[in-house]
Amino acid sequence: NKMNFNYGLATDQINQINLRPLHTLGYTGKNITIAVLDTEFPTVNTGSTFAKIRTNQQIKGTYNFTTKQTDVYNNAKSSHGTQCFGIIAGYVENEFVGSAPDANFYLYTTENASVEIPQEELYWIEAAEEADRVGVDIISTSLGYRDFDDPRYNYVYNDMDGETTFIARGSKIATEKGIIVVASAGNEGNSTAYKYILSPADQPKVFSIGSVDVNGAISSFSSFGPNANQHPKPDVAARGSSTYYTNNNSISSGNGTSFAAPLAAGGIASLLEAIPTTQPQDILQQLRISASIYPNYNEQIGYGILNFYATLETLKIKENTKGSIVKIHPNPIHQSFSIQSNTMVEK
(Lines give C-alpha, C1' and ligand atoms only; values in the text may rest on other atoms or scores of the structure.)
Protein backbone atom coordinates (compact mmCIF):
# COMPACT_ATOMS: atom_id res chain seq x y z
CA ASN A 1 0.00 0.00 0.00
CA LYS A 2 3.07 2.23 0.02
CA MET A 3 3.14 5.14 -2.39
CA ASN A 4 6.34 6.16 -4.07
CA PHE A 5 5.40 9.25 -6.03
CA ASN A 6 7.61 11.30 -8.30
CA TYR A 7 6.33 14.72 -7.25
CA GLY A 8 8.01 16.60 -10.09
CA LEU A 9 7.48 20.34 -9.64
CA ALA A 10 5.66 19.74 -6.32
CA THR A 11 8.71 18.04 -4.74
CA ASP A 12 10.03 21.03 -2.79
CA GLN A 13 6.70 22.19 -1.38
CA ILE A 14 5.81 18.63 -0.25
CA ASN A 15 9.26 18.01 1.26
CA GLN A 16 9.40 21.36 3.06
CA ILE A 17 6.43 20.37 5.25
CA ASN A 18 7.82 16.81 5.61
CA LEU A 19 4.72 15.26 4.04
CA ARG A 20 6.41 12.74 1.75
CA PRO A 21 6.92 10.14 4.56
CA LEU A 22 3.15 10.04 5.18
CA HIS A 23 2.47 9.41 1.49
CA THR A 24 5.22 6.79 1.42
CA LEU A 25 3.48 5.00 4.29
CA GLY A 26 0.32 5.00 2.20
CA TYR A 27 -1.46 7.90 3.91
CA THR A 28 -2.71 10.05 1.04
CA GLY A 29 -6.07 11.24 2.40
CA LYS A 30 -8.14 8.15 1.53
CA ASN A 31 -11.65 8.28 3.05
CA ILE A 32 -11.01 11.79 4.37
CA THR A 33 -13.33 14.46 3.00
CA ILE A 34 -12.26 18.04 2.27
CA ALA A 35 -14.62 20.86 1.34
CA VAL A 36 -12.93 23.63 -0.63
CA LEU A 37 -14.74 26.97 -0.15
CA ASP A 38 -13.57 29.45 -2.76
CA THR A 39 -14.46 31.00 -6.13
CA GLU A 40 -15.62 28.80 -9.01
CA PHE A 41 -13.62 25.77 -10.18
CA PRO A 42 -13.34 26.05 -13.99
CA THR A 43 -11.67 23.13 -15.87
CA VAL A 44 -11.82 20.75 -12.88
CA ASN A 45 -14.54 18.94 -14.88
CA THR A 46 -12.49 18.79 -18.09
CA GLY A 47 -8.76 19.42 -17.50
CA SER A 48 -6.28 16.57 -17.82
CA THR A 49 -4.55 17.45 -14.52
CA PHE A 50 -7.83 16.54 -12.75
CA ALA A 51 -8.51 13.37 -14.78
CA LYS A 52 -7.39 11.07 -11.96
CA ILE A 53 -9.82 12.46 -9.39
CA ARG A 54 -12.66 12.39 -11.93
CA THR A 55 -11.92 8.77 -12.89
CA ASN A 56 -11.84 7.76 -9.22
CA GLN A 57 -15.01 9.77 -8.52
CA GLN A 58 -13.39 11.72 -5.68
CA ILE A 59 -15.60 14.80 -6.19
CA LYS A 60 -18.64 13.97 -4.08
CA GLY A 61 -20.65 17.12 -4.64
CA THR A 62 -20.62 20.71 -5.86
CA TYR A 63 -22.68 23.81 -5.15
CA ASN A 64 -22.43 27.46 -6.07
CA PHE A 65 -23.89 29.38 -3.13
CA THR A 66 -23.63 32.70 -5.01
CA THR A 67 -25.93 31.53 -7.85
CA LYS A 68 -27.86 28.78 -5.99
CA GLN A 69 -26.92 26.18 -8.62
CA THR A 70 -24.88 22.98 -8.57
CA ASP A 71 -22.63 24.17 -11.41
CA VAL A 72 -19.27 25.43 -10.13
CA TYR A 73 -17.42 24.98 -13.43
CA ASN A 74 -19.00 27.24 -16.05
CA ASN A 75 -19.38 31.03 -16.37
CA ALA A 76 -16.54 31.35 -13.90
CA LYS A 77 -15.39 34.78 -12.82
CA SER A 78 -12.13 33.38 -11.40
CA SER A 79 -9.98 30.26 -11.52
CA HIS A 80 -8.66 30.91 -7.99
CA GLY A 81 -10.67 27.96 -6.66
CA THR A 82 -9.22 25.64 -9.30
CA GLN A 83 -5.67 26.66 -8.46
CA CYS A 84 -6.17 26.13 -4.72
CA PHE A 85 -7.88 22.80 -5.39
CA GLY A 86 -5.04 21.76 -7.73
CA ILE A 87 -2.52 22.10 -4.90
CA ILE A 88 -4.39 19.38 -2.98
CA ALA A 89 -5.81 17.20 -5.73
CA GLY A 90 -3.92 17.78 -8.96
CA TYR A 91 -2.04 14.79 -10.42
CA VAL A 92 0.24 14.49 -13.42
CA GLU A 93 2.29 11.29 -13.63
CA ASN A 94 5.95 12.07 -12.75
CA GLU A 95 5.28 15.83 -12.92
CA PHE A 96 2.97 16.80 -10.04
CA VAL A 97 1.28 15.26 -7.01
CA GLY A 98 -1.05 17.20 -4.70
CA SER A 99 -0.87 17.13 -0.92
CA ALA A 100 -3.86 14.74 -0.55
CA PRO A 101 -4.25 13.02 -3.93
CA ASP A 102 -6.69 10.36 -2.68
CA ALA A 103 -9.04 12.46 -0.53
CA ASN A 104 -12.71 13.01 -1.34
CA PHE A 105 -13.92 16.51 -2.11
CA TYR A 106 -16.86 18.88 -2.08
CA LEU A 107 -16.35 22.00 -4.17
CA TYR A 108 -18.34 24.97 -2.88
CA THR A 109 -18.37 28.39 -4.52
CA THR A 110 -18.97 31.10 -1.90
CA GLU A 111 -16.95 33.98 -3.37
CA ASN A 112 -18.10 36.14 -6.28
CA ALA A 113 -14.81 37.49 -7.61
CA SER A 114 -16.44 40.48 -9.33
CA VAL A 115 -17.75 42.05 -6.09
CA GLU A 116 -16.76 42.21 -2.44
CA ILE A 117 -19.94 42.18 -0.38
CA PRO A 118 -20.79 41.09 3.19
CA GLN A 119 -23.23 38.50 1.76
CA GLU A 120 -20.19 36.43 0.73
CA GLU A 121 -19.52 35.75 4.40
CA LEU A 122 -23.06 34.42 4.68
CA TYR A 123 -22.60 32.23 1.58
CA TRP A 124 -19.51 30.84 3.31
CA ILE A 125 -21.51 30.05 6.44
CA GLU A 126 -24.19 28.31 4.33
CA ALA A 127 -21.45 26.24 2.71
CA ALA A 128 -19.94 25.37 6.08
CA GLU A 129 -23.38 24.23 7.29
CA GLU A 130 -23.71 22.03 4.20
CA ALA A 131 -20.19 20.68 4.75
CA ASP A 132 -21.21 19.72 8.26
CA ARG A 133 -24.41 18.08 6.98
CA VAL A 134 -22.53 15.86 4.50
CA GLY A 135 -19.88 14.91 7.06
CA VAL A 136 -16.82 16.81 5.88
CA ASP A 137 -13.61 16.40 7.93
CA ILE A 138 -11.71 19.50 6.74
CA ILE A 139 -12.67 22.86 5.25
CA SER A 140 -9.92 24.46 3.17
CA THR A 141 -10.62 28.10 2.45
CA SER A 142 -8.37 30.65 0.79
CA LEU A 143 -10.62 33.62 1.35
CA GLY A 144 -10.28 36.57 3.69
CA TYR A 145 -12.52 39.53 4.48
CA ARG A 146 -11.95 43.05 5.68
CA ASP A 147 -12.63 45.63 2.93
CA PHE A 148 -15.90 45.76 0.99
CA ASP A 149 -17.11 47.66 -2.08
CA ASP A 150 -19.32 49.70 0.27
CA PRO A 151 -16.87 51.05 2.88
CA ARG A 152 -19.61 51.27 5.51
CA TYR A 153 -19.21 47.53 5.97
CA ASN A 154 -15.42 47.56 6.33
CA TYR A 155 -13.78 45.91 9.31
CA VAL A 156 -10.93 47.41 11.30
CA TYR A 157 -8.12 45.59 13.08
CA ASN A 158 -10.04 45.60 16.38
CA ASP A 159 -12.75 43.51 14.67
CA MET A 160 -10.17 40.78 14.01
CA ASP A 161 -10.72 39.20 17.44
CA GLY A 162 -12.23 35.94 16.18
CA GLU A 163 -15.68 36.81 17.57
CA THR A 164 -16.86 39.81 15.56
CA THR A 165 -17.05 39.12 11.82
CA PHE A 166 -19.83 36.89 10.46
CA ILE A 167 -17.32 34.49 8.94
CA ALA A 168 -15.24 34.18 12.13
CA ARG A 169 -18.35 33.36 14.13
CA GLY A 170 -19.49 30.85 11.51
CA SER A 171 -16.09 29.21 11.30
CA LYS A 172 -15.94 28.90 15.08
CA ILE A 173 -19.22 26.95 15.00
CA ALA A 174 -17.77 24.70 12.28
CA THR A 175 -14.77 23.88 14.49
CA GLU A 176 -17.11 23.14 17.38
CA LYS A 177 -18.87 20.60 15.14
CA GLY A 178 -15.51 18.83 14.79
CA ILE A 179 -14.49 20.18 11.40
CA ILE A 180 -10.88 21.27 10.96
CA VAL A 181 -11.02 24.71 9.32
CA VAL A 182 -7.82 25.67 7.47
CA ALA A 183 -7.66 29.28 6.28
CA SER A 184 -5.15 31.51 4.53
CA ALA A 185 -3.79 34.27 6.77
CA GLY A 186 -4.01 37.00 4.13
CA ASN A 187 -1.61 38.83 1.79
CA GLU A 188 -1.54 42.26 3.45
CA GLY A 189 2.02 42.09 4.81
CA ASN A 190 3.46 44.69 2.43
CA SER A 191 0.60 47.15 2.86
CA THR A 192 1.18 50.36 4.82
CA ALA A 193 -2.57 50.94 5.36
CA TYR A 194 -3.35 47.53 6.88
CA LYS A 195 -0.84 44.70 7.27
CA TYR A 196 -2.77 42.26 9.45
CA ILE A 197 -4.60 38.98 9.08
CA LEU A 198 -8.03 38.81 7.46
CA SER A 199 -11.10 36.97 8.71
CA PRO A 200 -11.70 34.03 9.34
CA ALA A 201 -7.96 33.58 10.03
CA ASP A 202 -8.47 35.66 13.19
CA GLN A 203 -10.60 32.97 14.87
CA PRO A 204 -8.45 31.09 17.45
CA LYS A 205 -9.86 27.65 16.57
CA VAL A 206 -9.29 28.15 12.84
CA PHE A 207 -5.92 26.83 11.66
CA SER A 208 -4.45 29.87 9.92
CA ILE A 209 -1.58 29.50 7.47
CA GLY A 210 1.13 32.06 6.69
CA SER A 211 3.58 31.88 3.80
CA VAL A 212 7.26 31.10 3.27
CA ASP A 213 9.36 30.69 0.13
CA VAL A 214 11.27 27.64 -1.12
CA ASN A 215 14.13 28.38 1.31
CA GLY A 216 11.83 28.81 4.30
CA ALA A 217 12.17 32.58 4.39
CA ILE A 218 9.05 34.57 5.31
CA SER A 219 7.09 35.82 2.30
CA SER A 220 6.94 39.60 2.70
CA PHE A 221 3.26 39.66 1.67
CA SER A 222 2.20 37.25 4.41
CA SER A 223 -0.21 39.04 6.77
CA PHE A 224 0.82 39.87 10.32
CA GLY A 225 -0.73 38.59 13.53
CA PRO A 226 -1.59 38.37 16.31
CA ASN A 227 -5.38 38.73 16.31
CA ALA A 228 -6.96 41.73 18.02
CA ASN A 229 -7.10 39.81 21.33
CA GLN A 230 -3.35 39.10 21.05
CA HIS A 231 -4.01 35.44 20.26
CA PRO A 232 -1.04 34.08 18.25
CA LYS A 233 -1.86 34.19 14.54
CA PRO A 234 -1.14 32.78 12.06
CA ASP A 235 -0.69 29.31 13.53
CA VAL A 236 1.95 27.92 11.16
CA ALA A 237 3.30 28.32 7.64
CA ALA A 238 3.74 26.47 4.37
CA ARG A 239 5.00 27.51 0.95
CA GLY A 240 3.04 30.36 -0.58
CA SER A 241 5.80 31.93 -2.71
CA SER A 242 6.08 30.30 -6.16
CA THR A 243 3.85 27.44 -5.06
CA TYR A 244 3.03 24.98 -7.83
CA TYR A 245 -0.56 24.10 -8.66
CA THR A 246 -2.42 22.45 -11.52
CA ASN A 247 -5.03 24.21 -13.63
CA ASN A 248 -6.74 22.73 -16.69
CA ASN A 249 -4.00 20.86 -18.59
CA SER A 250 -0.92 22.50 -17.12
CA ILE A 251 1.17 23.11 -14.02
CA SER A 252 1.80 26.72 -13.00
CA SER A 253 3.06 28.57 -9.96
CA GLY A 254 1.83 31.58 -8.04
CA ASN A 255 2.12 33.55 -4.82
CA GLY A 256 -0.18 33.94 -1.85
CA THR A 257 -1.19 32.52 1.50
CA SER A 258 -4.07 31.25 -0.68
CA PHE A 259 -1.68 28.56 -1.85
CA ALA A 260 -0.10 27.79 1.52
CA ALA A 261 -3.52 26.92 3.02
CA PRO A 262 -4.55 24.06 0.67
CA LEU A 263 -1.03 22.65 0.81
CA ALA A 264 -1.48 22.44 4.59
CA ALA A 265 -5.07 21.16 4.35
CA GLY A 266 -4.02 18.22 2.19
CA GLY A 267 -1.28 17.38 4.66
CA ILE A 268 -3.83 17.38 7.47
CA ALA A 269 -6.05 15.02 5.44
CA SER A 270 -3.14 12.58 5.07
CA LEU A 271 -2.48 12.89 8.81
CA LEU A 272 -6.15 12.29 9.67
CA GLU A 273 -6.11 9.10 7.63
CA ALA A 274 -3.14 7.89 9.67
CA ILE A 275 -4.59 8.74 13.11
CA PRO A 276 -8.37 8.84 12.68
CA THR A 277 -9.27 8.67 16.38
CA THR A 278 -7.22 11.69 17.47
CA GLN A 279 -9.32 14.77 18.27
CA PRO A 280 -9.08 17.62 15.72
CA GLN A 281 -7.87 20.26 18.20
CA ASP A 282 -5.22 17.79 19.51
CA ILE A 283 -3.97 17.32 15.96
CA LEU A 284 -3.77 21.07 15.40
CA GLN A 285 -1.99 21.66 18.71
CA GLN A 286 0.61 19.02 17.88
CA LEU A 287 1.09 20.56 14.42
CA ARG A 288 1.90 23.86 16.17
CA ILE A 289 4.29 22.16 18.60
CA SER A 290 6.05 20.27 15.80
CA ALA A 291 6.48 23.38 13.64
CA SER A 292 9.95 24.73 12.91
CA ILE A 293 10.37 27.55 15.47
CA TYR A 294 8.11 26.40 18.35
CA PRO A 295 8.02 27.46 21.20
CA ASN A 296 8.98 30.75 19.58
CA TYR A 297 6.35 32.64 17.63
CA ASN A 298 6.61 34.96 14.67
CA GLU A 299 3.91 37.43 13.66
CA GLN A 300 3.93 36.30 10.01
CA ILE A 301 4.54 32.54 10.23
CA GLY A 302 3.25 31.67 13.71
CA TYR A 303 5.14 28.70 15.16
CA GLY A 304 6.92 28.12 11.86
CA ILE A 305 6.89 25.67 8.99
CA LEU A 306 4.72 22.58 9.33
CA ASN A 307 6.34 19.19 9.93
CA PHE A 308 3.81 16.45 9.22
CA TYR A 309 6.02 13.44 9.86
CA ALA A 310 7.20 14.70 13.26
CA THR A 311 3.55 15.36 14.15
CA LEU A 312 2.53 11.85 13.08
CA GLU A 313 5.30 10.22 15.10
CA THR A 314 4.35 12.10 18.28
CA LEU A 315 0.62 11.54 17.94
CA LYS A 316 1.09 7.85 17.14
CA ILE A 317 2.99 7.39 20.41
CA LYS A 318 0.21 9.25 22.27
CA GLU A 319 -2.45 7.07 20.60
CA ASN A 320 -0.66 3.88 21.59
CA THR A 321 -0.03 4.83 25.20
CA LYS A 322 -3.44 6.14 26.20
CA GLY A 323 -4.12 4.65 29.62
CA SER A 324 -7.12 2.43 30.09
CA ILE A 325 -9.93 4.16 31.91
CA VAL A 326 -12.21 1.80 33.78
CA LYS A 327 -15.41 2.93 35.49
CA ILE A 328 -17.49 0.65 37.70
CA HIS A 329 -21.14 1.48 38.51
CA PRO A 330 -22.72 1.68 41.00
CA ASN A 331 -20.28 2.39 43.77
CA PRO A 332 -20.75 0.94 46.35
CA ILE A 333 -21.95 -2.27 44.65
CA HIS A 334 -25.15 -3.98 45.87
CA GLN A 335 -26.17 -6.85 43.59
CA SER A 336 -25.09 -6.12 40.00
CA PHE A 337 -22.58 -3.73 38.48
CA SER A 338 -21.43 -2.57 35.05
CA ILE A 339 -17.93 -1.91 33.78
CA GLN A 340 -17.18 0.88 31.32
CA SER A 341 -13.80 0.95 29.61
CA ASN A 342 -12.19 2.73 26.68
CA THR A 343 -10.19 -0.39 25.78
CA MET A 344 -11.11 -4.02 25.18
CA VAL A 345 -12.13 -5.78 28.40
CA GLU A 346 -10.97 -9.41 28.54
CA LYS A 347 -13.73 -11.76 29.75
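Start by selecting isoleucine 138 and whatever it touches. Skipping neighbours within four places in sequence, Ile138 is in contact with Ile32, Thr33, Ile34, Ala35, Ile179, Ile180, Val182, Ala265, Ile268, Ala269 and Leu272. Keep in mind as you click around that this is a predicted model.

Now widen the selection to the core around that residue. The largest nonpolar core has 63 residues, and Phe85 and Ile138 are the ones touching the most other members. Colour helix H7 (residues 257-274) next: with eleven residues, H7 gives the most to this core. There is also a second, separate core, made of 27 residues, with Phe148, Ala174, Leu198 and Val206 among them.

Switch to cartoon for the sheet. Seven strands form an open sheet with parallel pairing, in the order S2-S5-S1-S6-S7-S8-S9. Which strands stand at the edges? Pick S2 (59-64) and S9 (236-239): each has a single partner strand, so one side of each is left without a neighbour in the sheet. Look along the sheet and follow the twist, which averages 25 degrees from one strand to the next.

Zoom in on S7 (residues 180-184) and S8 (residues 207-212), a parallel pair held over three bridges.

Last stop, helix H8 (residues 280-289). H8 lies across S7, S8 and S9 and runs at about 25 degrees to S8.

Notes: Residues numbered from 1 in each chain as written. Predicted model: local features only at pLDDT ≥ 70, side-chain atom pairs only at ≥ 80, totals over all residues. Heavy atoms only, no water. Core = buried A, V, L, I, M, F, W, Y, C linked by side-chain atoms within 4.5 Å. Buried < 20%, exposed > 50% of the residue type's maximum accessible area, 1.4 Å probe, protein only. Helix = DSSP H or I, 4+ residues; strand = E, 2+ residues; numbered from the N terminus. Contact = heavy atoms within 4.5 Å. Pairing = 2+ DSSP bridges. Axes fitted to C-alpha atoms, helices over the stretch in contact; angles between N-to-C directions.
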